[in-house]
Amino acid sequence: MKIKETAVVLWQEKLAEGIYSLTLETSIVDYAIPGQFISIFSNDGSKLLPRPISICEINKEYGTLRVVYRVAGAGTEEFSKLKSGDKIEVMGPLGNGFPLEGKNAIVVGGGIGVPPMLELAKQLKGNVTAVMGYRNDDLFLAEEFQKVVNHLYIATDDGSVGVHGTVVDAMREKDLVADVIYACGPKPMLRAVADFALENQIKCYVSMEERMACGVGACLGCVCQSKEVDDHSHVNNKRVCKDGPVFLSTEVVL
Amino acid sequence: MKTSVTIAGVEFQNPIMEASGTFGSGMEYSEFVDLNKLGAVVTKGVANVPWPGNPTPRICEVSSGMLNAIGLQNPGVEVFCERDLKFLEQFKKAKVVVNVCGHSAEEYIEVVERLANEPRVDMLEINISCPNVKEGGIAFGQDPKAVEAITRQVKAHAKQPIVMKLSPNVTDIKVMAKAAEAGGADAISLINTLTGMKIDVERQNFVLANKTGGMSGPAVHPIAVRMVYECANAVSVPIIGMGGITTWQDAIEMMLAGATAVSVGTANFFNPTATLDILSGIEDYMVRKNIEDINSIVGIVK
Ligand SMILES: Cc1cc2nc3c(=O)[nH]c(=O)nc-3n(C[C@H](O)[C@H](O)[C@H](O)COP(=O)(O)OP(=O)(O)OC[C@H]3O[C@@H](n4cnc5c(N)ncnc54)[C@H](O)[C@@H]3O)c2cc1C
Ligand SMILES: Cc1cc2nc3c(=O)[nH]c(=O)nc-3n(C[C@H](O)[C@H](O)[C@H](O)COP(=O)(O)O)c2cc1C
Ligand code: FES
């Protein structure tokens, strides 16, 4: 079930330069699963469209959802100023989410693709290896991953921590094996992870991004290209907001 | 209190519809809105065959509005009839207006003929104004001779009443409204989106893959009101007014300017219950102003 309501900010903290963690009290939590996202709306009436942000943590007991986001423009800039007790319009949970599979899973996050993997890592039943890619030693959320996964590997662009290079460099260097990979991050990273998965014959789920308007599958604004003719659209397009954001790496053009 | 309105012999239980392309065929938003409470469901434009639409990004935000360049992606009329019309069977109280698109008169006619014997289709809205397809589309909507000709051709093949959807991207919309009326349109609807452009100054490139997109949302509302007013004073066929309608006040304004019914588009994106919120606002207004029949306010501001 999808809900559009006013959420209350429980707290917000800065995790790293330009990276914020926002915890919201919202009944969306009752229906949320890892890999889904919420639409957050600006309180400034001239900004109409939702900002889609992935769910980072689901706490049903406290009725809270946590999102972690990067300040990328005016909307996220506004969100970064929110304080405890402030109100904000949200809609969700949106999208399909990650299916929980596998005895040995690798969760891969690159940059602002790191946050959605946290709740997934917590909910996966089997052995979980996390591979996280960062620009530098601003390792937001790494400590929290450490607590919930069996192994954590880090790759940094500048080589300041862990493997000097990309998440895929780390995966190759550590010779990681698994029966399923979950990945979220920039397109080039997803492409490289998908190639790695294909070479090693591992099933791979990727979480995609596209500009959105409705967030529910009605406007066809947010499509990505699918390899086969999609059974909703009847063309080679899938809706990221409704059919995704999580797709098998083999079903979409990366 | 009477909220029903009649357009070309079709009675709508109230004047609130959603605007084509912003609501799919209602499936997705039926989680938020009881479709049976709407005057009509207006479907996304449908063509004779599936259309893939434009490359992404297709969406861009602008101040108090948005640009879209979906490019009329649709699954084609066959799938539409089997799936979307079947879905709409459950919502008998809402009328169904099917928005039709094409690249040529033949394509429009093919769709209209396919829909002719579908009992769930109450009305056809002929989109001659989409700015996001290269051939056809807007070309029809910008030349009065073409508007009249396409209207006449479609009308000759249509079983349901036809509403010609006009483009605002013209010098004088009255001329287009008159052309549609002359061609035999049962009603007209306006406005479709206004062609706009957004450039990303950091990337020094267009935001939309299509370069241009159709602008909609609250920012276009005053333009839409003006155009509805002009058309209402130029033609005698009924008008379905749209463009930026976000609140009940916007809807009433459009009716005062001359619209018999109104469509809500972009507002659905940030308020999924916008249609029903507007409807209840209109009902409150009618009570407060002692309005017995909503039709009595249509076009009274001269
Ligand atoms: C499914 C999904 C999940 C996401 N999860 C996260 C997350 O967990 N953390 C995070 O930091 N970011 C996430 N993003 C990206 C985030 O939505 C954008 O960074 C944000 O919308 C930027 O808004 P803005 O107003 O600050 O930027 P502006 O550039 O001012 O935004 C202008 C418009 O473009 C849209 N836009 C800009 N960048 C993006 C983008 N990358 N993706 C989609 N729309 C965009 C905005 O929503 C807005 O409508 C996610 C995107 C998607 C599609
Ligand atoms: C995403 C989007 C898709 C649209 N698709 C169609 C379409 O398929 N056919 C059509 O006639 N108009 C289409 N329109 C135009 C709307 O029906 C409406 O005329 C316009 O958006 C103005 O109303 P609004 O400001 O309330 O959105 C579309 C508009 C948007 C925003
Ligand atoms: S944002 Fe409208 S279909 Fe995805």
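Which residue has a backbone N or O atom that lies 2.7 Å from an oxygen atom of ligand 1?

Mentor: That residue is A:Arg70. First, the ground rules. This is a predicted model, where local features need pLDDT of at least 70, side-chain atom pairs need pLDDT 80 or more, and totals for chains, interfaces and linings use all residues. Side-chain values use heavy atoms, without hydrogens or water, residues count from 1 along each chain, and chains run from A and ligands from 1 as written.

Now ligand 1. It has 21 residues around it (a heavy atom within 4 Å). A:Pro52, A:Arg70, A:Gly75, A:Thr76 and A:Arg211 come nearest. A:Arg70 makes its polar contact (N or O atoms within 3.5 Å) through the backbone. A:Ser54 also uses a backbone N or O atom, 3.0 Å from a nitrogen atom of ligand 1. A:Glu209 uses its side chain instead: an N or O atom there is 2.8 Å from a nitrogen atom of the ligand. On its own, ligand 1 exposes 820 Å² (Shrake-Rupley, 1.4 Å probe). The protein buries 85% of that.

The chain around these residues is divided. The assignment, automatic or from a database, gives chain A domain 1 (3-94), domain 2 (99-207) and domain 3 (208-254). The C-alpha centres of domains 1 and 3 of chain A lie 23 Å apart. Their contact (heavy atoms within 4.5 Å) takes seven residues from domain 1 and eight from domain 3.

For comparison, take ligand 2. Its shell has 23 residues, and B:Ser20, B:Lys165, B:Gly217, B:Gly244 and B:Thr266 come nearest. By class, six are nonpolar, 15 polar and two charged; Gly counts as polar here. From the side chain of B:Lys165, an N or O atom is 2.7 Å from a ligand oxygen. The protein covers 98% of the 610 Å² that ligand 2 has on its own.

Note on methods: Polar contact = N/O pair within 3.5 Å; in protein donor to acceptor, adjacent residues only side chain to side chain.
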